[in-house]
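Here's a quick briefing to read alongside the coordinates.

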Amino acid sequence: MSIVNLSAYRFVSLDDLPALRERVLAQCEALSLKGTILLAPEGINLFLAGPRDAVDSFMDWLREDSRFAGLTPKESVSDAVPFGRMRVRLKKEIITMRMPAIRPEHARAPAVTPQTLRRWLDDGHDDAGREVVLLDTRNDYETDVGLFEHAVDYRLRSFTGFPEAIAADRERYAGKTVVSYCTGGIRCEKAVLHMQDIGMEHVYQLEGGILKYFEETDGAHWRGDCFVFDERGAVDPQLAPAPVLPESDDA
């Protein structure tokens, strides 16, 4: 499989969005990359695909801007480019929550590494002996494809419904350690900052999300595949394409 698929995000203040969009789009087109990049005042969210040399060249170029110097993508491979074109879009938020008080570009959410979470799940508790509750912050059609064992799944129609769902259920988490997770880290980071804002303690995001968990562990405690937002449909715990099958009409 010769195509490298990258996903990455960074919450960082951006105030030159139209000019930045033009530079980013020109660089992607020069390298014949395809995918989607979102730019907003709060940061960047990117999904790109192309040959190894091309994606590496783009990331080297992007990191020349000090705002993106520490950007670390998640990677997987495929036989073909799973995007039809290259788009660079300007947005109000790189992940829509509609909670303007949440400003991830000013302070990162606390996180646990994939290896730490794997160990906690094996042990049945965190390093302080607290029960660990996994909280899926993705939409319902994503969790239908796969999720962690025993994870809380609010069956969200969109991420904007998360604040209301957690407010109605916060007693569930009292005295426990909460690890929120999502595909690549972006939604679960905002989720943790919101949970901190409403006074919840011992809340963490899974660093790098499900994709980084697959990359750095054996995928233990996960059931199914992981939905991805491109033509592959999903990837399995080995990060190989695993297209989502249509629902059967059989009873």
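This is a predicted model: local features need pLDDT of at least 70, side-chain atom pairs count only at pLDDT 80 or more; totals for chains, interfaces and linings use all residues.

Residues are numbered from 1 along each chain as its sequence is written, and side-chain values use heavy atoms, with hydrogens and water left out. Helices (DSSP H or I, at least four residues) and strands (E, at least two) are numbered from the N terminus.

**Nonpolar cores**

- A nonpolar core here is a set of buried Ala, Val, Leu, Ile, Met, Phe, Trp, Tyr and Cys residues joined through side-chain atoms within 4.5 Å; buried means under 20% relative accessible area, exposed over 50%, and partly exposed in between (1.4 Å probe, protein chains only).
- The largest one has 27 residues, and L135, Y154, F162, I166, Y173 and M195 touch the most other members.
- Leaving out residues up to four places away in sequence, Y173 touches V133, L135, V152, Y154, I166, V178 and M200 (contact means heavy atoms within 4.5 Å).
- Apart from this core lies another, of 25 residues, including L14, L20, I37 and F68.

**Helix α6**

- Helix α6 (residues 186-197) has 12 residues and reaches 17 Å from first C-alpha to last, close to the expected 16 Å, which is 1.5 Å times one less than the number of residues.
- Because 10 of its 12 residues are buried, α6 is largely enclosed by the rest of the structure.
- Those buried residues are I186, R187, C188, E189, K190, A191, V192, L193, H194 and M195.
- After α6 comes G199, with a positive phi near 95°.

**Where α3 meets α7**

- The axes of α3 (residues 114-123) and α7 (residues 209-216) come within 9 Å and cross at roughly 80°, with axes fitted to C-alpha atoms over the stretch in contact and angles running from 0 to 180 degrees between N-to-C directions.
- That makes the two helices roughly perpendicular (65 to 115 degrees).
- On the α3 side, P114, Q115, L117, R118 and L121 meet K212, Y213 and E216 of α7.
- By class, this contact has four nonpolar, one polar and three charged residues.

**A loop residue**

- D15 sits in the loop between β1 (3-11) and α1 (17-30), and counts as exposed at 75% relative accessibility.
- D15 and A40 are 25 residues apart in sequence but 8.5 Å apart in space, C-alpha to C-alpha.

Notes: Angles under 35 degrees count as roughly parallel, over 145 as roughly antiparallel, 65 to 115 as roughly perpendicular and the rest as oblique. Ala, Val, Leu, Ile, Met, Phe, Trp, Tyr, Cys and Pro count as nonpolar, Asp, Glu, Lys and Arg as charged, and the others, Gly among them, as polar.
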